[in-house]
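These are my notebook entries on one structure. I set down what I looked up, entry by entry.

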Amino acid sequence: MSRTIRVKNKHLVIAALLLISLAGLARASGGAYLLKMAERARENRDPVKALAYYDKFISEYPDDERIPDALYWSASLLPDNQSFRAVIFPSSMWTTRSHNVIDEIPEEALSKEERLLEIYTMYSDHWSAPHATHQLAVALYHSGDPRAEEYLLKAASEGRNMGNRIEAAFLLVDMYVAEGRFDDAEAMLDYCATEMPTARREEQQLRRGDLLVAMGDYQGARAAYEKILEMFEDEDRLRQETYEQPGDPGSTSDKIASIRIPHSERVDARIAALNALEGADAGAGMGEIKGIVLLDGKPLPGARIIVREVKETTAFSTDYTGLPAFTVLDDGKFHFSLPAGCRYEVGIALGHRESKEVEGYHLQMVGAQFTLERGETREVALHFAEPVEILEPLTGFVYDGRPFTVRWNPYPGAHAYSLSFHSISYGEHGYNSMGMSSLRTADTVFEINSIPEVQFGAFASDDKGVLPIYLTGVAEAYSLRILALDEHGSVMSSSNGLYFGAGPNPKGLIEVEPRKLREEEKLLMDRKYDEAVLKLEEAIKRNTHDIRALEILSRIYFMGTYYTTQDESIHEMAHVDLERSRDILEALVALEPSREHLNALAVVCTNLDDREGAASAYKTMLECGFESSVNLNTLAYYALTVEDDYQQALAYAERAKGMAEEHYDPLPLTGLYVMTGQCSKAVDLLQNLKAQGPRGTSELEESLRRYTELNVGVSPTSERRNNYLGTVSHSFLEAQQIWQEDKSAHSSFLLLVARLSDPLRHYHREELRRRIDEFQALYGSDAPVLADVIEALAWAGWV
């Protein structure tokens, strides 16, 4: 058999050139040298070089008896849809990748599947054949290949490796359930119970429960799930009676308990989902999700769409086992039927092949977060769109502190653009990125006088302490991002697009020219925090106008430097002294009243619960022309609740809306509109914001529409409006006193609206959550419209 394998990957070309120079030696040794070098490179985790040696051997010695070994081990170096996985939801993106696997397959080289298939068809007696069959079957399943069933059946029925066989059987069960072939799924589970009774038996039982749910046998499913915990208890009891004395340290029962916990959590999740389904059958009802996936305007077949219920404790992971999933067909469409009354988000799972297709595109996720109501059909669209093209600065640009120009090509249909920078810090285990302020423009060119410093108060840490850039305020690199916005302010595309590499996205990456560091900064970079603080304090004693030293100290005393204990449950940081930070910032503002200094002072005052000090700093910012939606919203709430001037509060909040910033908080203005009886304005505000995708705006808009439609003459007394703030003659503080004395459902509702409108509500989250729970317990059944508005406000406000 003859093979010709050509390689065009630049790293493989270099390796191939090296091999050519050693070809004579390899031929003289009969290929043993090539195999030895391939094994050495594989063991040294150099997959590029290892693959080059293996493929040279396969090409030069096609009839060698060691060809199946070379095929098998070289296949392990190649990517497939399990070696890389990305799961993207509106709220998060997570990726996992296998080690010792090359990033892309060289042109005209045999693919992983082709190598495994050759072992399966031509070397069935080789030791690697059962493993190759299993790996081939799994790879075909995850790539959506129609041949997957044939090979999974063979992998499940042959071979001595019980783990491989049961995994193949489980994939068949999942395939049959997804295709509605319930009899085949049941037959496969029966086969497992007979032929492999001890192999992952709890997992067998879990899948049997899942099958019964799909078949509509909820009672049988509940019994199947509950039996899993009984199985653990029986095994634990048997082991204790047979082998152990109670209380033996390191006993097998302790090990079983550690295994039981994750299974118990999975069973609890399944039973909770089962309760929702039974509730749907009992009257809560079902809802539909319909959508389409497009790549550059064309359907993207093979994409795997997943849906998860969004809860307060929702975990982020690339493992979507157990979630509703749909593999998109040629028309690009997908469909789900799920229990109503829950919050969901729609996401997409990508393997190696799909990730290569979509990398570089911007992913629009339109309508992908929502609360599903009974009988409702939600339309979702996932669009992989062309990115915004940056013309300046060019790739490789290094920022030296001087002004520079940002220019990009107009994006079709865009009405405006948002420009922002993300600070980047490099570390031992990768890099850290943090968003900074954004700028909005209708032009396609923007002059940058200087990149803003790292945002005060934002920080990341590792096991050594706070990363130095968050204490110095100077990033090691920046990522430039441009968003194209439509007439509603929704994001059409971005300049970065999706990137699945291990480092920062090279698109828009701006390195920083190394600058001369002062001694204290060097100490921080070396993580010598205590010494750095002492030196900084000495510096400001020598020179009270040392602005740079004051800036760094203000950050250190606000954020701290390193953890004072190894106990992960205790997050105490060294050098935290908020009052000292405030004193330093007040001195800085007196010396240099810049946007950064004033904003930092407001942040520290807020954390000290000094709202008056924060408001004073924000007002000074406005006087200096430094506006942002954050300081305007904060001033609006201060004007309402302290200065008792709701007209000024409305003016501030409406100016904040006009800033049209990417992270705009609509709740302060929404709450003001509700409290002043202008609910139609609140609905209009949320309608315009809905397309931008802030969490919960769609649900909040819908609940406020229902609230607006309540007719005073018809609606229950408990839900009638109580517009105490409808005229200028009433103050907020007077209205608040009336609501507290009235104690009706609507008065309690308005009090909660006022608290949820606070832009600093996250500081009082536990108290707010308690008040919300009390409101729901007292009025939820009698005033469901009010209860829905409160829950929607809490969800949109991350409470």
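Entry 1: I began with Phe421, which counts as buried because its relative accessibility is 3%; buried means under 20% relative accessible area, exposed over 50% and partly exposed in between, with a 1.4 Å probe and protein chains only. The model is predicted: local features need pLDDT of at least 70, side-chain atom pairs count only at pLDDT 80 or more, and totals for chains, interfaces and linings use all residues. Residues are numbered from 1 along each chain as its sequence is written, and side-chain values use heavy atoms, with hydrogens and water left out.

I then turned to Phe404, which is also buried, with a relative accessible area of 6%. For ring pairs I used Phe, Tyr and Trp (its six-membered ring), with centres within 6.5 Å; planes under 30 degrees apart count as stacked, over 60 as edge-to-face and the rest as tilted. By this rule I noted 20 aromatic pairs. The rings of Phe404 and Phe421 have centres 6.5 Å apart and planes at 80°, so I recorded the pair as edge-to-face. This pair links distant parts of the chain, with Phe404 in strand E14 and Phe421 in strand E15 (residues 416-427), 17 residues apart. Helices (H or I, at least four residues) and strands (E, at least two) are DSSP runs, numbered from the N terminus. Which residues do ring pairs link into a cluster? I listed Phe397, Tyr399, Phe404, Phe421 and Tyr478.

**Entry 2: the sheet with E14.** I followed strand E14 into an open sheet of three strands, in the order E12-E14-E17 and with antiparallel pairing; two strands pair if DSSP finds at least two bridges between them. Strand E12 (390-392) and strand E17 (445-448) are the edge strands, each pairing on one side only. Neighbouring strands of this sheet are turned by 25° against each other on average, direction ignored; the axes are lines fitted to C-alpha atoms. Strand E14 (residues 404-408) pairs with E17 in the antiparallel sense over four bridges. I looked up the bridge partner of Val406 in E17 and found Phe446.

**Entry 3: cavities.** Rolling a probe the size of a water molecule over the atoms shows where empty space is left. On a 1 Å grid over the protein atoms alone, a cavity is a set of points where a 1.4 Å probe fits but cannot get out, and lining residues have an atom within 4 Å of a point. I searched the whole structure and found five cavities of 30 Å³ or more, a volume being the space filled by probe spheres set on the points.

The largest cavity has a volume of about 130 Å³. Of its 15 lining residues, Asn81, His142, Arg304, Tyr320 and Glu354 lie nearest its centre. Strand E8 (342-350) and helix H14 (352-358) each supply at least two residues of this lining.

The second largest cavity has a volume of about 80 Å³. Its lining has 13 residues, with Glu453, Glu551, Ser554, Arg555 and His597 nearest its centre. Two or more residues come from each of helix H18 (547-559), helix H19 (578-591) and helix H20 (595-607). Which helix gives the most to this lining? I noted H18, with four residues.

**Entry 4: Ala156.** I placed Ala156 in helix H8 (residues 148-157). Ala156 is buried, with a relative accessible area of 1%. The C-alpha atoms of Ala156 and Tyr191 are separated by 9.7 Å, and the two residues are 35 apart along the chain.

Terms used:
Axes fitted to C-alpha atoms, helices over the stretch in contact; angles between N-to-C directions. 1 Å grid on protein atoms, 1.4 Å probe; cavity = no way out; pocket = protein on both sides within 12 Å on 5 of 7 lines; lining within 4 Å.
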